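Let's take a walk through this protein together. Keep the sequence and the 3D view open, and follow along one piece at a time.

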Amino acid sequence: MICDYDGHNQKSVVESQTKILGPEFSPCGRYLLYRTLHDKAGQTLFLYDFKNRSNLNLSDYMLRRCNYIVGKNISTAVFGRNSSEILFAKSNQGTTSIKALDFGSSTVRDAVSRQQYHIHTCPTYSPSGHLTFTSDISGREAIYVEQNG
């Protein structure tokens with residue numbers, strides 16, 4: 001639901017038969033990133049384009065264009081430094097890693113250098129442009145800043 005600052009002129013942007021999670025506007029304001037939760041199928045990433053009034057299933061896009069299987073274990077999805085990059089946390093065999101989808105090159109890459117055997121979640125960029133995330137790298141949960149990102 002989108003509305004004026006005072007709650008008037010409400011408009012439904014996206015409707016679903018399943019739960020909708022984590023809506024986030026792109027830095028340019030043209031896109032809305034969100035996830036849907038399905039009982040058995042897990043989560044699916046979607047990108048709504050306000051200009052074209054169209055919905056893109058990002059999970060299918062990554063499979064077709066990037067040859068990357070997202071799977072059903074996505075815990076977080078946010079826009080990166082610009083509207084052409086999406087960061088998401090994906091669980092696989094006890095490890096949660098942060099990946100970056102780049103629309104320009106149609107690639108999915110590791111966004112954090114120390115991925116193996118750790119749980120990385122909640123990616124975001126600091127005002128200075130460094131990737132910031134939570135992790136258990138030190139043996140306990142803490143906030144980290146990726147200096148090479």
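Start with the open sheet of four strands, whose order is 1-2-3-4 with antiparallel pairing. Its edges are strand 1 (19–25) and strand 4 (54–57), each of which pairs on one side only. If you compare neighbouring strands here, they are turned against each other by 25 degrees on average, ignoring direction. Keep in mind that you're looking at a predicted model.

Now zoom in on the middle of that sheet. Strand 2 (residues 31–38) and strand 3 (residues 42–49) pair in the antiparallel sense, with eight bridges between them. To get your bearings, find Leu-37: its bridge partner in strand 3 is Gln-43. As background, strands of a sheet pair through backbone hydrogen bonds, either parallel or antiparallel.

Side chains come next, and the aromatic ones are a handy place to look. How many aromatic pairs does a search of the whole structure find? The count is four. In one of them, Tyr-34 and Phe-46 have ring centres 5.4 Å apart and planes at 15 degrees, so this pair is stacked. Since Tyr-34 sits in strand 2 and Phe-46 in strand 3, the pair ties together parts that are twelve residues apart in sequence.

Phe-133 and Tyr-144 make another stacked aromatic pair, with 6.0 Å from centre to centre and 25 degrees between the planes. This pair links distant parts of the chain, with Phe-133 in strand 10 and Tyr-144 in strand 11 (residues 142–146), eleven residues apart. Phe-133 has a relative accessible area of 1%, so it is buried. Tyr-144 counts as buried too, because its relative accessibility is 17% and the cut-off is under 20%. Elsewhere, Phe-25, Tyr-48 and Phe-50 come together as one aromatic cluster.

Strand 9 (residues 120–125) and strand 10 (residues 131–135) run antiparallel and are joined by four bridges. Thr-121, for instance, has Thr-134 in strand 10 as its bridge partner. The two strands form a hairpin with five residues between them, and there Gly-129 takes a positive phi near 95 degrees.

Stay with the loop between strand 9 and strand 10 for a moment, as that's where you'll find Ser-126. The side chain of Ser-126 makes a polar contact with the side chain of Ser-128, at 2.9 Å. Ser-126 and Glu-146 are 20 residues apart along the chain, and their C-alpha atoms are separated by 10.0 Å.

Finally, zoom all the way out. What does the protein chain contain in the way of helices and strands? There are one helix and eleven strands, and from the N terminus on the elements run β-β-β-β-α-β-β-β-β-β-β-β. The chain has 149 residues, and 41% of them count as buried. Take the contacts between residues at least 6 apart in sequence: 28% of these join residues at least 24 apart.

Terms used
Residues are numbered from 1 along each chain as its sequence is written. This is a predicted model: local features need pLDDT of at least 70, side-chain atom pairs count only at pLDDT 80 or more; totals for chains, interfaces and linings use all residues. Side-chain values use heavy atoms; hydrogens and water are left out. Two strands pair if DSSP finds at least two bridges between them. Axes are lines fitted to C-alpha atoms, for helices over the stretch in contact, and angles run from 0 to 180 degrees between N-to-C directions. Rings of Phe, Tyr and Trp (its six-membered ring) pair if their centres lie within 6.5 Å; planes under 30 degrees apart count as stacked, over 60 as edge-to-face and the rest as tilted. Buried means under 20% relative accessible area, exposed over 50%, partly exposed in between (1.4 Å probe, protein chains only). Contact means heavy atoms within 4.5 Å. A polar contact is a pair of N or O atoms within 3.5 Å; within protein, one must be able to donate a hydrogen and the other to accept it, and residues adjacent in sequence count only if both atoms are side-chain atoms.
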